[in-house]
Amino acid sequence: MHPEGGHVAVQPLENDTYKGYSWGTGHSPYGGKYTVEGIASSVALTERLQQQLEKDGDSSKELSRSVLSTLSDNHEVWDHAANAIANLCVTLILTTSIERIVLGGGVLKRSGLIEKVRTQTLQLINGYVELPKDLSTFITLSQHGDDAGFMGAATLAQSAYQESQLQKDEQQTSAADKKSSSSTAEFYAGVVHGIIVGALVALGTMSMMGQRR
């Protein structure tokens, strides 16, 4: 199983005519329509720009993702990206009672985008869950940059290893306790056996002395 939050459906901004990246049609849930990845990925943002060019009558130029670096921070494509990512944040908040959301990826390197995500998250949650007005410590960027995915996987592997070691130690402790309990039981059984044997010997001795008299 390969769960991925990027395929979560989103509520698009009002009057948004771009439904999602073309690659998702035959490969992604919802056909890539109105999903986080289908709206906010660099491929999707580039396709959105391409469609806008064609709509404006310029179909001679084929854009590449590098065009995104030439856009200003207040270009409308970043509003759509922020909205899609904010939808993901809201989904996580409503389904997991998450304590912190750490975001990463190339698109989020865009200056000011994380602030847009925080603002839109508050608007979408609509007061249903009580959140601080300042989400700077609740929705953050990964300190590991491009290595966030690797570090996350390594952390999960470390946690799984520690948990397995803890279970192993608990099993060994349980086995030792059972062995100790068994030894104690054997000791007391031996004591009782000795008392019974001693009593029988004593009774036998007394009986023999009585016969001799």
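**Figure 1. The end of helix α3 in the predicted model.** Just after α3, residue S97 adopts a positive phi of about 50°. This view, like those that follow, is taken from a predicted model. Helix α3 itself covers residues 76-96. Its 21 residues should span 30 Å at 1.5 Å a residue, and the 31 Å between its end C-alpha atoms agrees with that expectation.

**Figure 2. Overview of the protein.** The protein contains 5 helices and 2 strands. Along the sequence these elements follow the pattern α-α-α-β-α-β-α. Of the 213 residues in the protein, 28% are buried. Among contacts between residues at least 6 apart in sequence, 59% join residues at least 24 apart. The accessible surface comes to about 14600 Å², and carbon and sulfur atoms account for 55% of that surface.

**Figure 3. Helix α4 and its surroundings.** Helix α4 comprises 13 residues, 113-125. From its first C-alpha to its last, α4 reaches 18 Å, close to the 18 Å expected at 1.5 Å a residue. The buried residues of α4 are L113, I114, V117, R118, Q120, T121 and I125. Their cover includes helix α3 and the strands β1 (101-103) and β2 (139-141). After α4 comes N126, which has a positive phi near 55°.

Figure 4. Side chains of opposite charge can pair when their charged atoms come close. In the protein, the count of salt bridges comes to 4. One of them joins the side chains of R110 and D73, with an N to O distance of 2.6 Å. R110 belongs to the loop between β1 and α4, whereas D73 belongs to the loop between α2 and α3, so the pair ties together parts that are 37 residues apart in sequence. R110 is buried, its relative accessible area being 14%. D73, by contrast, is partly exposed, with a relative accessible area of 36%.

Figure 5. The side chains of K116 and D79 meet in a salt bridge at 3.0 Å, N to O. This pair links distant parts of the chain, for K116 lies in helix α4 and D79 in helix α3, 37 residues apart. K116 is partly exposed, with a relative accessible area of 27%. D79 is likewise partly exposed, with a relative accessible area of 32%.

Figure 6. E115 and R118 form a salt bridge in which the closest N and O atoms are 3.9 Å apart. Both residues lie in helix α4, where they are 3 residues apart, about one turn of the helix. E115 has a relative accessibility of 41% and therefore counts as partly exposed. The relative accessibility of R118 is 16%, so R118 counts as buried.

**Figure 7. Helix α2 and its packing.** Helix α2 covers residues 42-55. A run of buried residues in α2 consists of A44, L45, T46, E47, R48, L49 and Q50. The buried residues of α2 pack against α1 (36-40) and α3. G57, which follows α2, has a positive phi near 95°.

**Figure 8. The surroundings of R48.** R48 is found in helix α2. With a relative accessible area of 9%, R48 is buried. Its side chain makes a polar contact with the side chain of H80 at 3.4 Å. Leaving aside residues up to four places away in sequence, R48 touches D16, Y18, I39, V77 and H80.

**Figure 9. V8 in the segment before α1.** V8 lies in the segment that precedes α1. At 23% relative accessibility, V8 counts as partly exposed. V8 and T91 are 83 residues apart in sequence, while their C-alpha atoms are 8.2 Å apart in space. When residues up to four places away in sequence are not counted, V8 touches Y34, T35, V36, L88 and T91.

Notes:
Residues are numbered from 1 along each chain as its sequence is written. This is a predicted model: local features need pLDDT of at least 70, side-chain atom pairs count only at pLDDT 80 or more; totals for chains, interfaces and linings use all residues. Side-chain values use heavy atoms; hydrogens and water are left out. Helices (H or I, at least four residues) and strands (E, at least two) are DSSP runs, numbered from the N terminus. The expected span of a helix is 1.5 Å times one less than its number of residues. Buried means under 20% relative accessible area, exposed over 50%, partly exposed in between (1.4 Å probe, protein chains only). Contact means heavy atoms within 4.5 Å. A polar contact is a pair of N or O atoms within 3.5 Å; within protein, one must be able to donate a hydrogen and the other to accept it, and residues adjacent in sequence count only if both atoms are side-chain atoms. Accessible areas come from the Shrake-Rupley method with a 1.4 Å probe; for residues, only the protein chains shown count as cover.
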